[in-house]
Amino acid sequence: MKRSKHRGQKEDKGRDEPAILETQNMDRNGMLMGGPDPDTISLASVTAVTTNVSNKRSKPDIKMEPSSGRPMDYQVSVTVIEARQLVGLNMDPMVCVEIGEEKKYTSMKESTNCPYYNEYFVFDFHVPPDVMFDKILKVSVIHSKNLLRSGTLVGSFKMDVGTIYFQPEHQFYHKWALLSDPEDITAGSKGYVKCDIAVVAKGDTIKTPHKANESDDDDIEGNLLLPEGVPAERQWARYYLKIYRAEGLPRMNTSIMANVKKAFIGENKDLVDPYVQVLFAGQKGKTSVQKSCYEPIWNEQIVFTEMFPPLCKRMKIQIRDSDKVNDVAIGTHFLDLKKISNDGDKGFLPTLGPAWVNMYGSTRTYTLMDEYQELNEGLGEGVSFRARLLINLGVEILDPSSPDITSSTEVQVEGVPNISETATGKAEDFFLFGSFLEATMIDRKIGDKPISFEVTIGYYGSESDGVIQPKSKGKKGGGEGAEEETELIHNSSDEEMDDDGDLISVSSSPPMKPVITDRNYFHLPYFERKPCIYIKSWWEDQRRRLYNANIIDNIAHKLEDGLNDVHEIIKTEKAYPERRLRGVLEELSQGCSQFVSLANKDHNQFGRTKLDRERLKLCLSEVEAIGQQAKSMRTQVKKSTVRDKLKMAQNFLTKLRFLADE
């Protein structure tokens, strides 16, 4: 195939030509015209350059962990080597190692403040990864415990198992755990315990680190049992979780239970007594129980006292139904503290809200024995909306010398004032429309019964919940959205309107019996007429929040595509991967500067909560830095450095993916 030598690169950009042709042609142009230095040429067009290099586009980023709910084998091994500088007189210390409910003890050493043990313990678990990584490992020193006395606690140290597992080689080796007294946070250090801790899953390989010098081991301050990046001097802090109210809890009086209860009590009350339980750093806090209530209002705050930064990543928030026999979880939400804080120079403490958090789990139809109950416990990805909870999280660093400080770390529950209806934004109408084009490959087992599909958004559209109206239905939204909606529903028949002239949601397709064309599979006869659904719902308008996240996600997606191209060029040994990498970095720096200019324009209107404002600042500074680094790195990309620079560009991608997660 011949190509004109004088045709500009711009015209070639849209053409699906092999990368090798493009780069050779540019070389020829350069030589004939005395063009640019080959070490500065960059290729930014994905289609022109890569169609024949990698015929597959990169797959969309689907964040699913197939095994997150499936039990696996784990083994935690702990060697307690020695303890030093234990505070107390006439000490007979022993060390207790505790993981979840399991406890193991060392022998007791008499009359010493620096006992030597060198004792080894193994804990075996068969649980899902999420459950394993949330378990708390606690190392405590107890003074003079025997069969008759429980002994007195000298001090303890705790950390979640996930922090250990995500260390290099899944372990801490010859590290000193700093002990503190949970009953008196003003007391300071209570001593140190030297230990090795390793967490292995089935199939993991583990290396024993090389023996350090004895002098290194004796440097306690330089060898503390802490992950990298966590300061040695940690401070005590209060974590205030305000819990205001919940809505959208699944209806539980649509079953046989309701009829039984009505027969005994004589009235059909709401069959749920909800309360909120919060687990954090091995401690548990609960709100009061709201009797017979689908829309409970608590207005309470749970206060945890824990070191900052905490060595436990997540806070587990669960709405539970109180029952005389057995409390069950209605829905669970995990708060990852790393995502709502920043430990950089201009960092901020964990903060969230006031904001609604959505909970997902098993289906909303109530059954006495729910086979998918574990989804409500937060194991695996929920299939259905269960409830939403209005919360607010704040953290305050404590000054131990202050006389007002209560020195215990016990969990406290206090009342808080009510929050206004519009604290999280004004409710707007949203209109969801969908149509079913075909339903095929239906299994024979269900082929003889009529089939219908139900679409729900939150608790709207669910047949078991009935018709739900917003609390402030009187306020009609005007403007652009209203015109758009009018157009959408212009041709609706009178039957689809209620008495106020509002549209009645249709969330289910009409039941239809499958038909068969071959011996194995059925299909639904959706031919000329396709069933449609439409649901009107009311939510706070959070689109503003998602714009920035979407732009960053798009920059990350383009970068991932480009890096895949470079990998493919190197793998297939095609010419000039460095030129493609320069193009990728050029595109990245342009994308970053566009984001910064767009986000800056938005500065004044943005940020209803503290987290919104802090996140915007963080995204601006990080994305701007990535853009500048990419720009300067582009000039350093040579044939000899292309692999090193590719690794650095991969770090940009990881950082962007983290920022895009709203």
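**Before you click**

This is a predicted model, so local features need pLDDT of at least 70 and side-chain atom pairs count only at pLDDT 80 or more, while totals for chains, interfaces and linings use all residues. Residues are numbered from 1 along each chain as its sequence is written, and side-chain values use heavy atoms, with hydrogens and water left out.

**Stop 1: the whole chain**

Color by secondary structure and you'll find 13 helices and 21 strands. These are DSSP runs numbered from the N terminus: helices are H or I with at least four residues, strands are E with at least two. Of the 662 residues, 45% are buried (under 20% relative accessible area; exposed is over 50%, partly exposed in between, with a 1.4 Å probe and protein chains only). Take contacts (heavy atoms within 4.5 Å) between residues at least 6 apart in sequence: 73% of them join residues at least 24 apart.

**Stop 2**

Some background first: most residues other than glycine have a negative phi, and most peptide bonds are trans.

Select Q85, in the loop between β1 (72–84) and β2 (93–99). Its phi is positive, near 55 degrees, and Q85 is not a glycine. Q85 is exposed, at 52% relative accessible area.

Next, pick N118 in strand β4 (residues 116–127). Here phi is about 50 degrees, again positive in a residue that isn't glycine. N118 is partly exposed, with a relative accessible area of 45%.

Now go to F308 and P309: the peptide bond joining them is cis, with omega about -5 degrees. P309 sits in the loop between β12 (297–308) and β13 (314–321).

**Stop 3: α11 against α12**

Show α11 (residues 577–601) and α12 (residues 610–634). Their axes are 8 Å apart and the packing angle is about 150 degrees. Axes here are lines fitted to C-alpha atoms, for helices over the stretch in contact, and angles run from 0 to 180 degrees between N-to-C directions. So α11 and α12 are roughly antiparallel (over 145 degrees; under 35 is roughly parallel, 65 to 115 roughly perpendicular, the rest oblique). The crossing is left-handed, that is, the near helix is turned anticlockwise from the far one by less than a right angle.

Show side chains. Among the α11 residues in this contact are L585, L588, C592 and F595, and α12 contributes residues including L616, L620, V623 and I626. By class, the contact of α11 with α12 has 13 nonpolar, three polar and five charged residues. Ala, Val, Leu, Ile, Met, Phe, Trp, Tyr, Cys and Pro count as nonpolar, Asp, Glu, Lys and Arg as charged, and the others, Gly among them, as polar.

**Stop 4: α11 against α13**

P577, E578, L581, L585 and L588 of α11 meet V642, K645, L646, A649, F652 and L656 of α13. This contact has nine nonpolar, no polar and two charged residues.

**Last stop: R615**

Leaving out residues up to four places away in sequence, R615 touches L659, D661 and E662.
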